[in-house]
Amino acid sequence: MAAPSRTDRQKCYDARDAYFECSTKNAKLPENERERACQAKKELFVKSCPSAWSTHFLRKHQYELEKARLDAEGHYKKMSDEDLAKLNNMSPGELKAMFGQGTARRE
């Protein structure tokens, strides 16, 4: 399969942006109503983009929405450059002492 032309890529991006704008604008609606309100834009988006692209864009959009929600609820704390530099200079033993053993191993 040939790579999409510049025109095809632009159609894909425009359709993606229109669908995500509709979805964001109607975010307060229940999911089934939001899907109904944006159905035509989603169909155009899926039709305009290669399937791998549309799948990727949808997953990325969902991830970004979830990350924004968690950030708004205070679940993420950004590290300062100083704290990050300290972590980068720690030995594996110091990291284990600070964070524990990590995940449990299967026997």
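The structure is a predicted model, in which local features need pLDDT of at least 70 and side-chain atom pairs count only at pLDDT 80 or more, while totals for chains, interfaces and linings use all residues. Residues are numbered from 1 along each chain as its sequence is written, and side-chain values use heavy atoms, with hydrogens and water left out.

Two disulfides are present in the structure, a disulfide being a pair of cysteine sulfur atoms within 2.5 Å. With bonded cysteines counted along the chain, the disulfides follow the pattern 1-4, 2-3.

Helices here are DSSP runs (H or I, at least four residues), numbered from the N terminus. The torsion about the S-S bond of C12 and C49 is about 105°, and the disulfide is therefore right-handed. C12 and C49 are both buried, that is, under 20% relative accessible area with a 1.4 Å probe and protein chains only.

The other disulfide is formed by C22 and C38, whose sulfur atoms are 2.1 Å apart. C22 lies in helix 1 and C38 in the loop between helix 2 and helix 3, so the pair ties together parts that are 16 residues apart in sequence. The link of C22 and C38 is left-handed, with -90° about the S-S bond. C22 counts as buried because its relative accessibility is 8%, and C38 counts as buried at 2%.

Attention now turns to the largest pocket, which has a volume of about 290 Å³. A pocket is an open set of points on a 1 Å grid over the protein atoms alone, where a 1.4 Å probe fits, with protein on both sides within 12 Å along at least five of seven lines; lining residues have an atom within 4 Å of a point. The volume is the space filled by probe spheres set on the points.

The lining of the largest pocket consists of 14 residues, and S23, R34, H61, Q62 and L65 lie nearest the centre. Helix 1 (6-25), helix 2 (31-37) and helix 4 (51-72) each contribute at least two residues to this lining. Helix 4 provides the largest share, six residues. By residue class, the lining comprises five nonpolar, four polar and five charged residues.

Methods:
Nonpolar A, V, L, I, M, F, W, Y, C, P; charged D, E, K, R; others polar. Buried < 20%, exposed > 50% of the residue type's maximum accessible area, 1.4 Å probe, protein only.
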